[in-house]
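Open the model in your viewer and keep the selection panel at hand. Each stop below names a selection and then says what is there.

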Amino acid sequence: MRNQKLRDAALLLPLVGTFLLLPTILRLMSGGRWFADLPSLPAFLYMAWLALIVGAGLLSRLLLKVEAGSERKKAATGDPDGKTQL
Amino acid sequence: MSAGAGSGILSVGVVISVSFLYVVLLFALAFWSDQRARGDRPGLLASPVVYTLSIAVYCTSWTFYGAVGSASRGGLEFLPIYLGPTLVFVGWWAVLRKLARISKVHRITSIADFISSRYGKSGRLAVVVTLVAVIGTTPYIALQLKAVATTYVAVTGATAGAASGSIFADTALWVAMCMALFAIVFGTRKVGADEHHPGIVAAIAFESLVKLIAVMSVGLLVVLVLGPGPDGVFSPGKERAAELSYLWTFREGSGTRWLTVLFLSASAIICLPRQFQVAIVEIENERHLATAAWLFPLYLFLISLFVIPIALAGMTLLPDGSNPDLFVLTVPIATGNDWLALFAFIGGFSSATSMVIVASIALSIMLSNHVIMPVLFGLRRARGSSGELATQILWVRRISILVIFTLALVYYRISAPGALAAIGLISFAAVAQFLPALIGGLYWRGATERGALTGLIAGFAVWAYTLLLPALIQPDVTAPLLLADGPGGISFLRPQALFGAENWDPLFHSLFWSYVANIGLYVGISLITRPGPLERLQSALFTDAFRQQPGDDALAWQRSATADDLRGLTERVLGRDRSDRIFADFFAGRRAPQESLEAAPALIAQVERNLAGSVGAASARALISGVTKGESISLDEIIGILDETQQVIQYSHRLETQSRELEHTANQLKKANEQLRRLDKQKDDFLSRVSHELRTPMTSIRAVSELLLAYDDVPEERRIRSIGIIAKESQRLSRLLDDILDLAGMAEGTVTFNIEETDVIAILDDAILAVQGYSEQNGVRVISAYDRAPMHARIDRGRLTQVFVNLLSNAVKYNDSPDPEIEIRAIRRHRVIEVSVSDNGPGISEQDRELIFTRFSRSTSDTRSKVSGSGLGLVISKEIIEILGGTIDLERNTSRGAVFTVRIPVSNGNAAG
């Protein structure tokens with residue numbers, strides 16, 4: 001069950017990224033100044049970008065672990081083709 | 001074009017020798033990597049980091065130099081070029097993983113091969129994809145050559161340019177020749193089992209590293225020189241701030257272009273032939289994608305991090321009118337950092353050369369496998385020759401590379417000076433035409449070859465008309481009226497305002513109409529055409545990639561070939577060594593004798609797969625057909641393959657559901673059974689109780705009447721008493737029978753209730769009055785502890801009286817306290833009238849609680865003779881109250897006797913009061 005959630009999250013991540021990059025959102029972020037007087041739009045874009053990178057890194061690690069787990073299970077149940085894997 | 005007179009400080013000799021040394025280094029690195037990979041000691045080469053860096057071939061000189069130029073002109077509009085690929089890699093799990101898996105299993109050699117394989121190994125589809133790719137990306141290669149030439153001029157101050165000097169004085173020619181040599185040496189060393197080029201991958205990974213460090217060095221210089229703080233990189237002086245604010249705000253009306261570029265670059269990272277080559281064809285291990293998923297976006301992040309600062313620096317430090325496309329070079333020169341400028345030049349050189357090398361190899365593979373080789377095979381068959389093919393294939397590859405470089409050079413020499421700059425996105429839009437067929441082919445089983453073919457051709461035609469044509473036309477020279485007035489003056493066919501789409505962003509305009517044509521025809525034609533057997537087989541293998549195994553398809557084929565023919569073919573195409581290895585591998589795990597005359601179907605499939613890895617699926621298929629006989633695909637087997645996995649899933653789902661349902665039904669049956677048994681027992685009990693209850697009065701009636709019959713001389717007084725007993729017992733009998741009938745009637749619903757709005761308190765008063773005589777007779781004190789204010793409910797007056805009388809008389813009847821009393825309370829709680837009757841009698845034991853509302857179940861401890869009645873009173877009361885919509889309960893944990901509570905809902909009309 002948790003694995004399925006993980007796979008769903010992997011599919012969701014690019015959608016979240018697309019959402020953050022919609023012009024509507026960018027217009028909201030445009031024009032102000034953040035932190036050390038940085039323009040808000042580039043600051044937002046690069047932060048969102050970094051968040052996506054970190055998210056992808058974490059998810060990929062977990063997914064690889066899960067995949068390795070299911071490979072082992074497949075081997076253990078004597079189902080080398082993995083055809084019955086649902 | 002140049003950054004200004006006198007800005008080129010580095011001598012021509014230095015630049016040329018450093019560039020030359022750099023190229024030599026690349027050759028050495030590629031050679032060394034090839035050797036290592038061949039020696040089965042890949043080490044670092046097989047690491048996901050090298051793989052990721054090789055994907056960074058995406059960042060060409062167009063992005064290396066052009067991003068700063070684009071930022072100078074349009075602010076953050078350069079970013080979607082990097083953000084699109086980020087989204088694709090972050091979502092690698094969805095698409096890239098499937099592409100990689102399929103490519104590995106089917107030994108895909110290029111994007112043309114992929115699309116052609118998916119649609120029944122269609123040769124013509126492969127040709128169309130190849131031609132689109134060549135037309136779409138050759139100008140892009142030309143752009144790289146131009147970038148090298150232009151930047152060479154900028155960094156050295158030399159005057160040689162494409163337009164002025166002879167071709168031999170043109171840097172671009174020499175760069176092109178060097179890169180063609182490199183591509184030929186390392187891209188066509190051998191005909192491989194699959195298109196893996198470790199040497200080239202290592203070299204471009206290295207180049208990716210160089211260009212990243214180069215851009216970041218320039219960026220750091222800018223931050224150091226200008227300083228990050230006030231009046232620095234992001235906060236130029238107040239008077240400049242307003243003027244430069246477009247650099248970091250989102251321009252109104254740029255949303256469409258932003259999304260278009262985002263989409264195009266996302267599609268380009270898959271569909272550009274060179275990206276497909278490095279990311280999908282060259283991938284050694286699917287797990288590398290998991291690293292690239294974050295590392296490649298990180299690379300893009302870093303390479304774009306300093307774009308705006310460099311643009312700012314260029315605009316601040318350099319004279320007005322300087323070419324912003326060259327800021328990466330001219331800013332270091334302007335600040336006196338010549339060596340950094342040289343490094344930046346090498347970085348740009350890297351991004352150009354790596355793109356040129358990979359693109360030319362990818363295109364040459366497509367061109368040779370799908371266009372030249374099929375013709376060659378046709379000619380050979382016609383001539384009946386059967387000589388060595390392996391060498392010929394390599395030569396075809398080499399010639400293809402030269403053809404592509406020649407095309408690029410020609411394009412570069414003849415195109416207008418400004419025409420190349422826009423070609424990057426135009427190229428993206430061309431290869432985006434592959435996307436519907438590619439993605440549709442991965443997930444939509446019903447997509448057909450004819451749908452893909454027509455969609456692709458139509459989309460490409462619209463792209464050429466709306467984007468390529470306007471870019472090529474020089475308004476003052478060629479067909480000046482075409483753009484302004486449309487062909488033949490038909491204004492709704494104007495290339496940049498098709499069907500009256502005025503003032504659209506040109507890129508969006510082209511993408512929109514080309515996709516309308518492409519997707520519309522792809523879907524439409526797919527829906528009305530039927531796929532052939534091979535198409536159906538391939539579509540099943542592709543869409544179900546994660547459940548299929550290599551070799552599944554062998555089952556579907558019915559064909560025969562002699563082992564000799566097959567071996568002969570393999571040797572001719574792949575060479576003797578490879579052929580021996582394939583056959584040895586095949587027979588290693590089997591008992592079948594190698595000398596068998598007939599080749600096993602699995603062997604034929606194995607050979608075909610190996611051939612496909614070298615010459616593409618369509619050509620491999622044609623070659624195999626040449627040596628097999630009676631070739632056909634068994635439709636049954638295909639349907640088997642198509643459906644097997646789905647059936648397994650459906651079947652197990654069905655089983656699961658069924659077993660759940662069965663379990664549920666069994667539980668229900670068990671419950672029903674228990675209830676039946678209980679009811680059966682109750683019925684038996686009921687019958688025996690009824691017989692018993694009837695028997696008691698009957699016995700006394702019979703005894704008394706027999707006594708009266710037997711003796712004539714019974715004294716008058718005694719006779720009267722006896723007749724009184726008979727009358728009383730008869731009454732009891734008929735009461736009992738009335739009760740039974742009453743109960744049966746209520747259970748069957750045949751008893752009618754006369755429901756009306758009535759005051760419950762008045763009924764209670766009546767009931768108390770009715771039992772007054774009985775209670776006084778038994779010396780029981782009745783306490784009415786309730787307010788006389790009326791409480792209305794919709795009830796049957798007579799029936800409710802019956803219930804109260806029953807409760808009260810029970811309370812009187814069973815009260816054996818020395819000072820017996822009954823207390824009656826009535827209150828309204830929210831929307832319920834609560835009437836409770838309590839006594840100070842013995843109460844009802846816990847074990848009897850369940851029984852008292854069942855038929856004939858007088859309390860078991862109740863043996864007192866004075867107790868009379870049918871034992872049905874409480875049961876009837878309960879039925880009545882339930883029919884009236886209320887409840888009757890025996891309260892728990894009371895301090896004294898038994899407390900019965902009747903709860904009846906108040907009528908709506910009385911709700912407020």
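How many residues does the contact take from chain B and from chain A? It takes 32 from chain B and 32 from chain A. Keep in mind that this model is predicted.

**Stop 1: the side of chain B that touches chain A**

Select α5 (80-90), α12, α14 (288-305) and α29 (635-710) of chain B. Each of these elements gives two or more residues to the side that touches chain A. Colour the side by residue class: 22 residues are nonpolar, eight are polar and two are charged.

**Stop 2: chain A**

Switch to chain A. Three helices and two strands are found there. Read from the N terminus, their order is α-α-β-β-α. Chain A has 86 residues, and 23% of them are buried.

**Stop 3: the largest nonpolar core**

In soluble globular proteins, nonpolar side chains tend to be buried together. Here, the largest nonpolar core holds 226 residues. Select B:I115, B:V129, B:L145, B:C271, B:I310, B:V328 and B:A429, the residues with the most contacts inside this core. A second, separate core has 38 residues, among them B:V771, B:A793, B:I880 and B:V902.

Centre on B:I115. Leaving aside residues up to four places away in sequence, B:I115 touches B:L125, B:V129, B:F434, B:A437, B:L438, B:G441 and B:A452.

**Stop 4: helix α20 of chain B**

Two of those names lead on: B:A437 and B:L438 are buried in helix α20 (residues 435-443) of chain B. So select the whole helix. B:L435, B:P436, B:G440 and B:G441 are also among its buried residues. What do the buried residues of α20(B) pack against? Show α7 (111-118), α12 (255-271), α21 (449-472), α23 (506-528) and α24 (533-543) of chain B; these are the packing partners.

**Stop 5: B:W444**

Step into the loop between α20 and α21 of chain B, where B:W444 sits. Is B:W444 buried or partly exposed? It has 16 other C-beta atoms within 10 Å, so B:W444 counts as partly exposed; a buried residue would need 20 or more. Finish with a distance label from B:W444 to B:F542. Their C-alpha atoms are separated by 9.6 Å, although the two residues lie 98 residues apart along the chain.

Note on methods:
Residues numbered from 1 in each chain as written. Chains lettered and ligands numbered in written order. Predicted model: local features only at pLDDT ≥ 70, side-chain atom pairs only at ≥ 80, totals over all residues. Core = buried A, V, L, I, M, F, W, Y, C linked by C-beta atoms within 7 Å. Buried ≥ 20, exposed ≤ 12 C-beta atoms within 10 Å, placed from the backbone. Contact = placed C-beta atoms within 7 Å. Helix = DSSP H or I, 4+ residues; strand = E, 2+ residues; numbered from the N terminus. Nonpolar A, V, L, I, M, F, W, Y, C, P; charged D, E, K, R; others polar.
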